[in-house]
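The exercises below ask you to work through a single chain, with the sequence and the coordinates at hand. Try each task before reading its solution.

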Amino acid sequence: MKVKSNVLKLMHLDREHSLLSGRNACLVYTYFNLLDIHRTGALNDVQFYVFMKKTTDLTRNEIYRVFDMLDVDGSSSIEFNEFYLMVCILVSIQDREEKKFILSSLPYSFRSYGQGWLCYC
């Protein structure tokens, strides 16, 4: 996947914590609110598709597959925390740091529930 967004090209993850800076997080939040034209606090599949089409070279089917993977709560929409995760993934891909990002975010993204079961939280 290739990241095409000029806005995202200006962002980089903190090398130690693999997070966006406070300034960049505010920018992502503003971007999210601009995309959320219905003011629901979430993006539907069409809004998410437009964002991903403008920022990546993914096909329509790939974008909808990503939408389904990110919609972990099954709400048929992408809330800000899910959008923030997608932006961090895109930034890590453009910086060629995706493995480091995924490994650093695993302890925060998953919780263990008895007998080895993991849950995305």
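**Exercise 1. Decide whether cysteine 88 is buried or exposed, and compare the assignment with that of cysteine 26.**

Cysteine 88 has a relative accessible area of 1% and is therefore buried, where buried means under 20% relative accessible area, exposed over 50% and partly exposed in between, with a 1.4 Å probe and protein chains only. Cysteine 26, at 51% relative accessibility, counts as exposed. A search of the whole structure for disulfides, each a pair of cysteine sulfur atoms within 2.5 Å, finds zero.

The model is predicted, so local features need pLDDT of at least 70 and side-chain atom pairs count only at pLDDT 80 or more, while totals for chains, interfaces and linings use all residues. Residues are numbered from 1 along each chain as its sequence is written, and side-chain values use heavy atoms, with hydrogens and water left out.

**Exercise 2. State what the confidence of the model is, and where caution is needed.**

Begin with the average: the pLDDT, which is the predictor's confidence in each residue from 0 to 100, averages 82 over the chain, and 78% of the residues score at least 70. Then turn to residues 107–121, where the pLDDT is below 50, although this stretch has 16 contacts in the model beyond near neighbours in sequence; a contact means heavy atoms within 4.5 Å. Where pLDDT is low, the predicted coordinates should not be read in detail.

**Exercise 3. Describe the secondary structure of the chain, and then the burial of helix α5.**

The chain has six helices and four strands, taken as DSSP runs (helices H or I of at least four residues, strands E of at least two, numbered from the N terminus). Along the sequence they follow the pattern α-α-β-α-α-β-α-α-β-β. Helix α5 covers residues 80–94, and its 15 residues reach 21 Å from the first C-alpha to the last, close to the 21 Å expected at 1.5 Å a residue, the expected span being 1.5 Å times one less than the number of residues.

Next comes burial: 12 of the 15 residues of α5 are buried, so the helix is largely enclosed by the rest of the structure. Among them are Glu82, Leu85, Cys88 and Gln94. After α5 comes arginine 96, whose phi is positive, near 60 degrees. Over the chain, buried residues make up 36% of the 121 residues.

**Exercise 4. Work out which aromatic pairs connect helix α2 to helix α5.**

Rings of Phe, Tyr and Trp (its six-membered ring) pair if their centres lie within 6.5 Å, with planes under 30 degrees apart counted as stacked, over 60 as edge-to-face and the rest as tilted. The search of the whole structure finds 10 such pairs. In one of them, the ring centres of tyrosine 29 and phenylalanine 80 are 5.1 Å apart and the planes stand at 85 degrees, so the pair is edge-to-face. Tyrosine 29 belongs to α2 (residues 22–35) and phenylalanine 80 to α5, 51 residues apart. Both are partly exposed, tyrosine 29 at 44% relative accessibility and phenylalanine 80 at 24%.

Tyrosine 31 and phenylalanine 83 also form an edge-to-face pair, with 6.4 Å between centres and 90 degrees between planes. Since tyrosine 31 lies in α2 and phenylalanine 83 in α5, this pair ties together parts that are 52 residues apart in sequence. Tyrosine 31 is partly exposed at 24%, whereas phenylalanine 83 is buried at 0%.
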